[in-house]
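Open the model in your viewer and keep the selection tool at hand. The stops below say what to select next and what is there.

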Amino acid sequence: MPSPTPASEVSASASRENWAILVLLVLVTLALGSILLPFYAAIMWGLILSLLFTPLHRWLLPKLGRRPTVTALCTMSIVLLIVILPLMLVLLLLAQEAAWLYQGLQSGEINPALYFHRAFNRMPEWAGAILDRFGLVNFATLQRRLNAAMAQGSQFAATQVFNVGQNTFEFVVSLCIALYLAFFLIRDGDTTVRAIGRMIPLAPVHRQKLWHKFATVVRATVKGNLLVALIQGALGGLAFLALGVKGALLWAVLMAALSLLPAVGAALVWLPVALYFLITGAIWQGMALTAYGVLVIGLVDNLLRPVLVGKDTRMPDYVVMITTVGGMAVFGINGFVLGPLIAAMFLSVWHIFDDTA
């Protein structure tokens, strides 16, 4: 009769097996991450869409006979109607406006040098003294340098034209992946969350706390920042349209994009235009745009962003601002979500550590 295996050997064998499983888990996780990395933005936005529209799915579910697939399809149809189609329309109008601007520059109908010439001739003495320090004391010198800079910019833009087709294809593929993933996450989200939660070696209360913080921060940053950006872009575009600034839609979209940067985003567009009005003698236009930018556009950022973002995330405004800017510096446009999210998860994990220490 064989003798029983000592308990120490059984423990050592189990320990080696656990380490082997852990190493294998790390390896396959890294391999999966390397496969999904090119589409991390599409996966992230699929998750964001599911978080934003899951409440709508839950509201529709009993009204549609508790059929998850049909309800998820209806929810995704609403997503297409109120999110994707308006986005496509704006991009189409933006492309038309950009084409008009490019044709105007090529034909000479739009001449940036003429605008600079007007501003240069009407510039006050103190501004001329500043230009003199940089060797830009006359317009001919200034124009030569501007032309050189524009030539370099045109050369860079020309090199990007060849990538338009590839970028369009990647955008369409990423959009399809995001919508496809969002459909299944909306339909099976609760089951997926519970399955992932069981694999996280934390107490249920801590898992619930982390998931709640994750969902809250994503919803707050996306809804809050995008709403502020849309309002600021629309207000700025209306102001430019009223003042007769050409390409108002183009500038409105640019202001909306830059509005994702807290405090200073939209001002990077309207402030130079206001200064140009003031320098060229259009005093009331410059004063009106300055007052409108500070009191209306800026007020939207100062009032709405803390309420929509800071209040729900329960993070100080300065933390939200720094992590938003830092996130966009590291991750690009997706950083306005990832930056505050990483900061919120960092604080939550430290709170859990402090509670268990």
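Select helix 13 (residues 335-356). Helices here are DSSP runs of H or I with at least four residues, numbered from the N terminus. Gly 335, Phe 336, Val 337, Leu 338, Gly 339, Pro 340, Leu 341, Ala 343, Ala 344, Ser 348 and Ile 352 are buried in helix 13, where buried means under 20% relative accessible area, exposed over 50% and partly exposed in between, with a 1.4 Å probe and protein chains only. This is a predicted model, in which local features need pLDDT of at least 70 and side-chain atom pairs count only at pLDDT 80 or more, while totals for chains, interfaces and linings use all residues. Residues are numbered from 1 along each chain as its sequence is written, and side-chain values use heavy atoms, leaving out hydrogens and water.

What covers these buried residues? Show helix 2 (40-60), helix 8 (204-242) and helix 12 (317-331), which are among the cover; contact means heavy atoms within 4.5 Å.

Next, check the length of helix 13. Its 22 residues should span 32 Å at 1.5 Å a residue, and its end C-alpha atoms are 31 Å apart, which agrees. The expected span is 1.5 Å times one less than the number of residues.

Now select Ile 48, Val 218 and Met 315. In the largest nonpolar core, which has 21 residues, these three touch the most other members. Helix 2, helix 8, helix 12 and helix 13 are the elements that give two or more residues to this core. A second, separate core has 14 residues, including Phe 240, Val 245, Ala 266 and Ile 297. A nonpolar core is a set of buried Ala, Val, Leu, Ile, Met, Phe, Trp, Tyr and Cys residues joined through side-chain atoms within 4.5 Å.

Move on to the aromatic rings. The whole structure holds five aromatic pairs. Rings of Phe, Tyr and Trp (its six-membered ring) pair if their centres lie within 6.5 Å; planes under 30 degrees apart count as stacked, over 60 as edge-to-face and the rest as tilted.

Select Tyr 180 and Phe 184 in helix 7 (residues 164-199), four residues apart and so separated by about one helical turn. Tyr 180 is exposed, at 57% relative accessible area, whereas Phe 184 is partly exposed at 29%. Ring pairs link Tyr 180, Phe 183 and Phe 184 into a cluster.

Finish at Leu 230 in helix 8. Leu 230 is exposed, at 59% relative accessibility. Its C-alpha atom is 8.4 Å from that of Ser 259, 29 residues away along the chain.
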